[in-house]
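Here is a note for a colleague who is opening this structure for the first time. The points below may be read alongside the model.

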Amino acid sequence: MSSTTPIDLDVAVMMEQPSWKKTKLSLERPYKDDKGERIPDLLDIAPDGVQVFEPPQDPTKLLGENLRRIFIERGVDFFERQDALRATGDLSIPQALDTKDDKVEPDQQEEGVSKAHMNPEELFKMRMEIMPQLFTALGEMTHARELLSLLLASAAPTDPSPVPSLPSSTLTASVVTKPSPIPSVDAFNAQLTIGGKDEALRKASSIFKSAANNLERSRLRGQRYWVDALKTRRANWGLVPAPLPFGAPTGKGADKTSKDFFVSFGLEESPAHFRRRAVGHMATYETSSHVLVFPHRQRVRLQVSLILTDSSGLFRTASNSMTSLSDASLEDSLKIAQREMVEEELFSVLIKEASTLPTASARVAERLIVIDAAQGMELKFELVDGDGVKTQESNKSDERLSATCNLIYFALQGLLLSLHASQKSQRLSSANAQHLPSAFPNKAPLLQPIIDLLQYQVFCDRIKVELDKMVSALLKAGISSSLRFDAVGESGHQLVEHFVANETAKRIGGEALLRIDVRQTLRLTFLSPSSLTAHLPQATLPIASIPQLVQLLSDEVERCLLNRLCEVGSQVCERVGATWFVDFVSGKAVGRWEGNILNLRVIFDKDFAIHSSAYRLNRASRQLSLLETYTPGTSISLVAWLQELLEKTILES
């Protein structure tokens, strides 16, 4: 949520001014009033306050007066003289152009050009008209010059003057005063003066007001500076002295006291170049978000992705959930910056360890690491743009895969803290002579446990698939069975302790318990990354491959089924005194009674389907003849099939 600061309130008050402060006077003289009617010209204001306006003029009457003035000033025969001059061809009178003829003859054009020049008679006539007027003007100029010379001589009598002086009684002095202006003009000039002063005062007032607002903003910014500093210190973030500004004196006797501080949010045992970048300072200028300033922040996030490829070639991709937090508050901005710096450090450590993995291959780029973690599984680490990160919602089919990515993301942070603690303990105990380093140090303390975990997950999935096949085959054959599969036998607290423990204890394990016919059990234990052990009644066998596991399951289940068939045969053939036993060498159950020997075999096909065959031995010919075969998917179970077969055989014998 956004909060309103005092600075925003001041800006809003400045924008909302009363209407009378926005009034501006125009230098153009108004000619219409508020109603849109024409304002008459004010001629004079009488002493009693009566205003005298210019009377309105009638256009028709004004045209008549102008025509009358033409006849009075230029004579009654003005138009006749104009017509006569045009008829005689006087060039001083403009001639009307004849537009009727589109083309002008060459002879007429030459005559028009010759008339454009004055002949001597016309020039003499013009001279006789102009010369008297020039002589008159010369006399007036001479008279004016003599008058000025006389005035200068009377003002300074000591200066000699070439103009002869005249008697004093010739000229007299008079005082001339400037006439008072018309009241309307005087009022308009005063209005202009007042308007100009009002505009100047308003501009000066706005300058002072903006300066006051700047001072108030500076005061609030300084107050907020120290309030944020106290909040940062109260939240237990590290405060370090800022370096001296560029160009500050550093010589002997100079004041080297720091004038500011930095907020350090890097991890304590991080490399030096990461700790130098994990700093921020309080903003000394106006910012948009009013938070800390991080000069070395790159705004990148670490994205962990898994790509699975099944046997049919289909891809499934998922990544860890990344939430974009807003840095509106001081605490949130520091947390986001610290998270980004920790993820950058994680990525740098992963780049160094990717080339030293003993059980996986890796491809490394500037911002991308792709590791072939297990069969059909790729692990990808990528630095993505933090500004474009949105809350990711995983599909329902990829919830498990996305949870695995989240587990890897948070496990990397715990492993990084464990690595820092180990480095710190080694640094503190380096002076101790009795401290001996480990003979085989782990070259990938962060990445190797993650790879082991993924390989262990794939390993457990493959084991569970084989066990599920066996359980399904037993159920189809009518043999009750159950499977309890625990891939991780440790609790969450123990799992965290395993991750932060030493190298030998960073292995997790689980077990699988297969119960057949609620009588016999088969126990398997496994340890990361790919160790499997079978616990049999006679021995404990390590299993190195999946085919070996399949063979072991087939043998153990076959043995259990043969024992079960012997028990059923003994119960059915009890009245005939039959003897049943299991021949483990040939892998069959043998039943004998009067004149009959019956052999039962159990066979598993490639899909773990259980088939059984019953053979009868002819004592005379010593040959086995097939009596009947059991195929899975029939309506009766294996035990019921054997009971019917034995009943039929006993009746026949």
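**Notes on packing in the model**

1. At 13% relative accessibility, Tyr225 counts as buried, where buried means under 20% relative accessible area, exposed over 50% and partly exposed in between, with a 1.4 Å probe and protein chains only. Phe261 is likewise buried, at 13% relative accessibility.

2. On the basis of these notes: this is a predicted model, in which local features need pLDDT of at least 70 and side-chain atom pairs count only at pLDDT 80 or more, while totals for chains, interfaces and linings use all residues. Residues are numbered from 1 along each chain as its sequence is written, and side-chain values use heavy atoms, with hydrogens and water left out.

3. A search of the whole structure finds six aromatic pairs, a pair being rings of Phe, Tyr and Trp (its six-membered ring) whose centres lie within 6.5 Å, with planes under 30 degrees apart counted as stacked, over 60 as edge-to-face and the rest as tilted. One of them is the tilted pair of Tyr225 and Phe261, at 6.0 Å centre to centre and with 55° between the planes. This pair links distant parts of the chain, since Tyr225 lies in helix H6 (residues 183-234) and Phe261 in strand E4 (residues 261-264), 36 residues apart; helices (H or I, at least four residues) and strands (E, at least two) are DSSP runs numbered from the N terminus. Ring pairs also join Tyr225, Trp226 and Phe261 into a cluster.

4. Helix H6 also holds Thr232, which counts as buried at 1% relative accessibility. Leaving aside residues up to four places away in sequence, Thr232 touches Trp237, Leu239, Val263, Leu330 and Leu334, contact meaning heavy atoms within 4.5 Å.

5. The axes of helix H8 (residues 330-354) and helix H9 (residues 399-428) come within 11 Å and cross at roughly 80°, the axes being lines fitted to C-alpha atoms, for helices over the stretch in contact, with angles from 0 to 180 degrees between N-to-C directions. H8 and H9 are therefore roughly perpendicular to each other (65 to 115 degrees; under 35 is roughly parallel, over 145 roughly antiparallel, and the rest oblique). Among the residues making the contact are Arg339 and Glu343 of H8 and Tyr409 and His420 of H9.

6. Helix H10 (residues 447-476) and helix H12 (residues 546-572) have axes that come within 11 Å and cross at roughly 25°, which makes H10 roughly parallel to H12.
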